[in-house]
Amino acid sequence: MSGEAHRTRVIIAPASKPALPPHIKLRHDPGRGRWHVLAPERVFEPDPIAIEILKRCDGVNSVEQIASELAKEYNAPLQEILADTISMLQELSDKGVIRA
Amino acid sequence: MNEVAPMEQFSEKPLVEACARAPVGLLAELTHRCPLQCPYCSNPLELDRVNSELTTAEWQDVMRQAADLGILQIHLSGGEPTVRKDLEDIVEVAAKVGLYTNLITAGVTLTRDRLKRLKELGLDHVQLSIQDVDEANAEKISAYKNGLAKKREVGKWVREFDMPLTINAPIHRHNIENLPNIINFAVEMGAGRIEVANIQYYAWALKNRASLMPTRAQVLKSAEIVEEAKERLKGIMVFDFVVPDYYAKTPKPCMGGWGRGVMNVTPQGRVLPCHAAESVPGLEFDNVKDRRLADIWLHGQAFEKYRGTSWMKEPCRGCPRAEIDFGGCRCQAMAFTGDPTNTDPACKLSPHHLAFVAAAEAESGVANPPAFVYRRMSPVKATAAE
């Protein structure tokens, strides 16, 4: 068995540092006037919050840092934003859109 | 985050610019040549010959036009796309114009060097098909020796180059019992995605339906296996499960609706709303050599014919699912009922539905199914057809 057989699900935590793998492309589509996430045989249409989160997924920022930036920007309670961010990133990780 | 429903604003918005109602994906059948002879091949029975294929420059122009039209993803398929020596030149242009490039391959003719080069040129994703994880059975299905060993190698290269891998597994009565092993194979290969794709019965698969159709019990069992595996492999591998619609109650929204999100270009350059559309009479297919892709998409007769819901008659007309499944598949309606404007016989409201289900049950119930009719080019005719 190769090492790939031991793959495990990534669980997103406040200290996780999410990043888009090279084959996932967050792109603005000028023709349609919206953002897309291009993935293997999938096109996702992120909502405005998801776009803000994805733009910050650079492998350096932690989930906590991303949430705290967004909390300031949207003047919203940090704990709430953090919980939402984690749940969104978990979903994206399960879909293979981010690595952490 | 939602997955894009192709062209969701299509019927509502005025025709401002092409990209406002643009397709999301384009399936480029670069060639019909293939070393494998799988009896369920989705290519038409009448295969395009090598000397009629579009040239490198013509395919490159299709890529540029596709990007201009607003297409996001290009699926490089066949036949076997890697038998074209200019695949690199086509991928290079596709990547340069910003298309997300997907190689759909059987893998057996691919080399490590070529894959490396394709990655450097911008290839985004590889979809590798397998026939079975039992070598002898895989050979029987594909009529190709040692294919599985080669596919293992290709899968390893894909991962070595840190490219995303999808394993595509067409499922039918001759491999459905192996489904758990097929899923394990994909996990071992490091695939991020698996397509458990029950055969859809068109073209070669329709010709071989009596050899391929699984029983209802097998299909139900396979759905359970997929559900369990999906949960167990959450965050490890994404599943796409294509159900066999002979045992369904509602039809599939074929191609996400006719002329709605996807287009297909044949090796010769004919532009089709779906890869089987040539089996539907009364359609005129434009060629990229004669007309711009955007113009074909927007105004081509074949695209306009069954786009939207106005072509529908009962029971599709007025059905609450009319804009969910779009009446299902025109090709299947044609093949089974002889009239492409009928509702898909997979729909329980179709007067042909019981006969449709009965055909599947009868064929799958036969203990010794007929031998495969393998996918091969028909011999060249010595004289022109009358």
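In the predicted model, helices α1(A) and α2(A) are oblique to each other, because their axes cross at roughly 135° and an angle counts as roughly antiparallel only when it is over 145 degrees. The axes of these two helices, which span residues 48-55 and 63-74 of chain A, come within 10 Å. Their crossing is right-handed. On the α1(A) side the contact is made by Ile49(A), Glu52(A) and Ile53(A), and on the α2(A) side by Ile66(A), Leu70(A), Glu73(A) and Tyr74(A). By class, five residues of this contact are nonpolar and two are charged, with no polar residue taking part.

Read from the N terminus of chain A, the order of elements is β-β-β-α-α-α. Along the principal axes, the C-alpha atoms of chain A fill a box of roughly 50 × 35 × 20 Å.

Helix packing was also examined in chain B. Helix α1 (residues 56-69) and helix α2 (residues 87-96) of chain B pack with their axes 9 Å apart and at an angle of about 20°. The pair α1(B) and α2(B) is therefore roughly parallel, the limit for this description being an angle under 35 degrees. The crossing of α1(B) and α2(B) is right-handed. Helix α1(B) contributes Thr56(B), Trp59(B), Gln60(B), Met63(B) and Arg64(B) to the contact, while α2(B) contributes Asp89(B), Ile90(B), Val93(B) and Ala94(B). Of the residues in the contact of α1(B) with α2(B), five are nonpolar, two polar and two charged.

A further packed pair in chain B consists of α5(B) and helix α6 (residues 179-189), whose axes lie 10 Å apart at an angle of about 40°. This arrangement makes α5(B) oblique to α6(B). In the contact, Leu148(B), Lys151(B), Arg152(B), Gly155(B), Lys156(B) and Arg159(B) of α5(B) meet Phe185(B), Glu188(B) and Met189(B) of α6(B). The contact of α5(B) with α6(B) has five charged residues, three nonpolar residues and one polar residue.

Local backbone geometry was considered next. Most residues other than glycine have a negative phi, and most peptide bonds are trans. Ala143(B), which is not a glycine, has a positive phi of about 55°. This residue is located in the loop that connects α4 (135-142) to α5 (147-160) of chain B. The peptide bond from Gly78(B) to Gly79(B) is cis, with omega near 10°. Gly79(B) is placed in the loop between β3 (73-77) and α2 of chain B. Glu314(B) and Pro315(B) are likewise joined by a cis peptide bond, for which omega is about 5°. The loop between α11 (301-305) and α12 (322-325) of chain B holds Pro315(B).

The interface between the two chains brings 38 residues of chain B into contact with 33 residues of chain A. The size of an interface is often given as the accessible area lost when the parts come together. For chain B and chain A, the area buried between them is about 3,100 Å², with 49% of it on carbon and sulfur atoms. Four salt bridges are found across the interface of chain B and chain A. A salt bridge is also formed by Arg99(A) with Asp162(B), where the closest N and O atoms are 3.3 Å apart.

Conventions
Residues numbered from 1 in each chain as written. Chains lettered and ligands numbered in written order. Predicted model: local features only at pLDDT ≥ 70, side-chain atom pairs only at ≥ 80, totals over all residues. Heavy atoms only, no water. Axes fitted to C-alpha atoms, helices over the stretch in contact; angles between N-to-C directions. Helix = DSSP H or I, 4+ residues; strand = E, 2+ residues; numbered from the N terminus. Parallel < 35°, antiparallel > 145°, perpendicular 65-115°, else oblique. Left-handed = near helix turned anticlockwise from the far one by under 90°. Contact = heavy atoms within 4.5 Å. Nonpolar A, V, L, I, M, F, W, Y, C, P; charged D, E, K, R; others polar. Buried area = accessible area lost by both parts, 1.4 Å probe. Salt bridge = Lys/Arg side-chain N within 4 Å of Asp/Glu carboxyl O.
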